[in-house]
Amino acid sequence: MNTKWPKALILIKFLGVIFLLAVFLITSQVMAQPGTIRGTVGDAETGEALAGANVLVQGRNIGTATNTAGEYSFRIPAGIYSIRASFVGYRQSIVEVDVQPGEEISLNFELEPGAELGDVQVVGTRMYNRSILRSPVPVDIIALPQMFEVSPQTDINQLLTYVAPSFQANRQSSADQTEFVDPASFRGLGPDQVLVLVNGKRRHNTSLVNTVTFAAGYVGTDLNSIPYSAIERIEILRDGAAAQYGSDAIAGVINIVLKQDTDQLTADVSYGGMSRGDGETVQFSANYGFRLGANGFVNIAGEFTDRGRTIRSDHHDLCIFAPCFAYPFTANPDSVRAYDDAQIAQRGLTRDDFGFRVGDSALQDGGLMVNALLPVSDETEVYAFGGLNFREGIGAPFRRLPGEARNIDAIYPVGFQPETQTSISDQSIAIGVRSRIGRFNVDLSNTYGKNRFDMSVGNTLNASLLEASPTRFEAGGHSFSQNTTNLDFTRLYGDVLSGLNIAFGAFFRVDNFRIFAGEEGSWRNYGMVEAVNEDGFIITVDTLGLPGGSQGFPGFSPANEVNQYRQNAGAYFDSEVDVTEQLTFAGALRFENYSDFGNTLNGKLAARIGLTDWLSVRGSVSTGFRAPALHQMFFNNITTNIVDGRLMEIGLFKNDSNAARVLGIEQLKEETSQSFTLGFTARPTPQLTLAVDGYLIDVDDRVVLTGNLGRNPFGGLLPEVAGILEPIGVSAARLFANAVDTRTQGVDIIAAYNGLRIGRGFTNIALSVNITETDILRINMPPQLLGSEDVFFGPKQQVGMMHNIPNDKVILTLDHRIDRFSAFVRLTRFGKVARSEFPFGTTQWFSIQYVTDLTVSYRFTPQVMLTVGGNNIFDEFPDRAIFENSFFNVFDFPPVQQGFNGSYFFGRLTINM
């Protein structure tokens, strides 16, 4: 790891110099008095003003969005330009103008409803001319370039946490590989219950199975592997959509739409850090597009991030040199603490040298994304998009203190801090052709994606090798790949009622999950040897009584290796009809067949009724499903120990293992859901919009990761279950099971007031609210496990599922603009959460938190803008963990709500050429 990124840092410094030189050249050239372009954007058929339409200069990324009266205005240097007006669900319009110094040009646009062949439709509908306000299901659209320009967040997960109230992601600490891929929740459900699309095509999951966080057992999608500079907008469908898009869309769908800009370079460089002097972050991104022929394009985006670690842990109460576990467990804590202090002082150290590294991991991330389209005739075009992402991080498992028996004094006389060093590679490519056959639009595509984790452990040892142990091991890893072929047909019947759209298609998908072993020393216990007992039988004995494998993260052994495939095929039918201008019905039906668990059939119905010109009600009912991930079926991490003189296995077993069979845990099947939404949209004035949507989602047979079956909550053997496992050589087992039925219900409120005039400037105000609650309706436990209720899916897991995500979140945003200045203020209220540390701790509720973001921007020229500001500027922290939940003060703050880093301040310079 250390040999790769220094070269990248040299490159980033060089690019930074070039970047500043370009800023200088651009600024020096912009000397002429600018002109002004102003006008309106409206609907060509109704004359209605289109608020929020984009008016941009082709090749310059200069422009603005219309206010609620459909008006726009911006200044531009003298020259000849192509001005493009666009709005979701409408055909864009491009006009060429010749701007003279100081001239004011009036330019009005009237956009035709509908979309050109190749435009990416809004998620949740396959009707090309459907606008968001007229949608029968709730959809949010986030214009990412404008949002990222003024927001203090540094990645997509964090940005969505502060923009979309139903989305929540928290960075984890001391959590193995989950430190590098943030688990996220949507509408209170798990990371794998929201489907992610890119340009409308399914995005592959990561190969990571979360095993130690609130999302234990879940498999998600890594949004941060897509460069933010490549994204034009993010569409969020807040409704169950498995019947429309397939597995995982129980809570909703996130569709990432890539940029299509040409003849322009957009770049930014930012630097920031935490108020405590750590977490230093440097980011650089660039986007450039060029034309292919008259209507084709290639858009390329690149990004690099270097993030320093943070440390948020104080002095702990664990014994350091003394041969004990923790001071509270000793007869005389003060004397034991004094003994440790003397040993520390004798070595010229302080207690800070024995602290645990709790906080964000160090991380370096680089990515590239390409989006391209090439028309080959008037009715046919070829498109492709894809990218590469590489990420390397250094995580921090538990520190090994010098007094611990598993430490080897000859190697680490004062103990050691293991470091997990993870390399993640992510790659994707989609290729397709769109054309017309008769009156049908046809889309044939193939999408491939792969994610791979390679793990090594440094600053560690294998205690069973004693003084001969290396201090670094390659620990193996895992990968997941997915290939999907789609064939889709759509047709709009404009003469049926007020418009009928039908869509149908088929697909075939192949998944592959692999685990590959690490080097022998990362997993083997060399103290276990074969010997002949007094009866003449060959037995295995532990000659050292020390743990084997690399400490901090034991490697995968050859016995853990997996190479499993799954195929599934399916077909769908989707229809949407405007009975009148004020009455819309939509429906979908999808059938899928999986090679490992069979068939599933799901449907959806939705409707919108316009009560007046400004008020409508909408609702939907649907069934859904989520196929268990291959990771959940085949991930395993088993170690071998000697129990009462016999070799016994312990760890996480595959779902199809003998351990699962004897415990009565059935083969995993799909999760099923029933979803209901009901709400209304209103636009009582041109400036004010309001949407309120309530929802109820029942999920049956949710896949969860059990506790250590065969043991009681405190780790001791549970005879009844241990007796079932003993004949197959298993001491204790964790397994994936369809164990829980849940109900999630809540409401989303989205309100916006745009164009509030204040002096010479104007302010846009947005209020977003999510209220959600998840209840466990039933725990489906096999009868063989009676007595293991607190282990199968115990209080810690139950509290995590129901209360680890804020049960309400409110986001108030004010964006004020005046001339070259803009100010962005965001107040986020995170509701209460709870965490349980059963059985050694208890359930703790964490109080409401208020986080304030503030940024100020100044545009020196139409091409150059500087933004400074901060996230959590008042340095708010979650409540401190109570002592019994803190692991003897190792974990002062849990990673809940806004996280435990405190304030982050930054500066960002952006140019458009």
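Is Ser247 buried or exposed, going by its relative accessibility? Before I answer, I note that the model is predicted, and I keep that in mind for every entry. I looked up Ser247 and found a relative accessibility of 3%, so Ser247 counts as buried, since the cut-off for buried is under 20%.

**Entry: around Ser247**

I then looked for the place of Ser247 in the chain, and it is in the loop between α4 (242-245) and β15 (252-258). Its side chain and that of Asp248 are joined by a polar contact of 2.8 Å, and a polar atom of the Ser247 side chain also lies 2.9 Å from the backbone nitrogen of Ala627. When I left aside the neighbours within four places in sequence, I found Ser247 in contact with residues including Leu195, Arg202, Arg509, Glu592 and Tyr594. Ala627 is in that list of contacts too, together with Phe625 and Arg626.

**Entry: the disulfide**

How many disulfides does a search of the whole structure find? I found 1, and it joins Cys319 to Cys324, with 2.0 Å from S to S. I reminded myself that a disulfide is a covalent bond between the sulfur atoms of two cysteines. The torsion about the S-S bond of Cys319 and Cys324 is about -105 degrees, and therefore I wrote this disulfide down as left-handed.

**Entry: Thr772**

Which side chain does Thr772 join through a polar contact of 3.1 Å? I found that of Tyr695, and Tyr695 is also among the residues in contact with Thr772 once its neighbours within four places in sequence are left aside. Others in that list include Arg187, Gly188, Thr744, Pro806 and Asn807. For Glu726 I noted a separation of 46 residues from Thr772 in sequence, while the C-alpha atoms of the two are 43 Å apart in space.

**Entry: Ala751**

Ala751 is found in strand β36, and at 17% relative accessibility I count Ala751 as buried. Thr689 is 62 residues from Ala751 along the chain, yet their C-alpha atoms are separated by 5.7 Å. I found Thr689 again among the contacts of Ala751 beyond four places in sequence, which also include Leu690, Ile765, Ala766 and Leu767.

**Entry: helix α10**

Which residues of helix α10 (residues 795-803) are buried? I wrote down Val799, Gly800 and Met801. The buried residues of α10 pack against β34 (688-705), β36 (736-758) and β37, and also against β40 (833-836) and β41 (843-846).

**Entry: a nonpolar patch**

Last, I looked at the surface and found a nonpolar patch with about 920 Å² of accessible area together, whose residues include Leu767, Leu812, Phe821, Leu854 and Val868. At least two residues of the patch come from each of β38 (808-818), β39 (821-830), β42 (849-861) and β43 (864-871), and β42 gives the most, with 4 residues. I picked out Leu854, which has its place in strand β42 and is partly exposed, with a relative accessible area of 33%.

Terms used: Residues numbered from 1 in each chain as written. Predicted model: local features only at pLDDT ≥ 70, side-chain atom pairs only at ≥ 80, totals over all residues. Heavy atoms only, no water. Contact = heavy atoms within 4.5 Å. Polar contact = N/O pair within 3.5 Å; in protein donor to acceptor, adjacent residues only side chain to side chain. Buried < 20%, exposed > 50% of the residue type's maximum accessible area, 1.4 Å probe, protein only. Disulfide = S-S within 2.5 Å. Patch = residues over 30% accessible without salt bridge, like charges linked within 9 Å, V, L, I, M, F, W, Y side chains within 5 Å. Areas by Shrake-Rupley, 256 points an atom, 1.4 Å probe, with all protein chains shown as cover. Salt bridge = Lys/Arg side-chain N within 4 Å of Asp/Glu carboxyl O.
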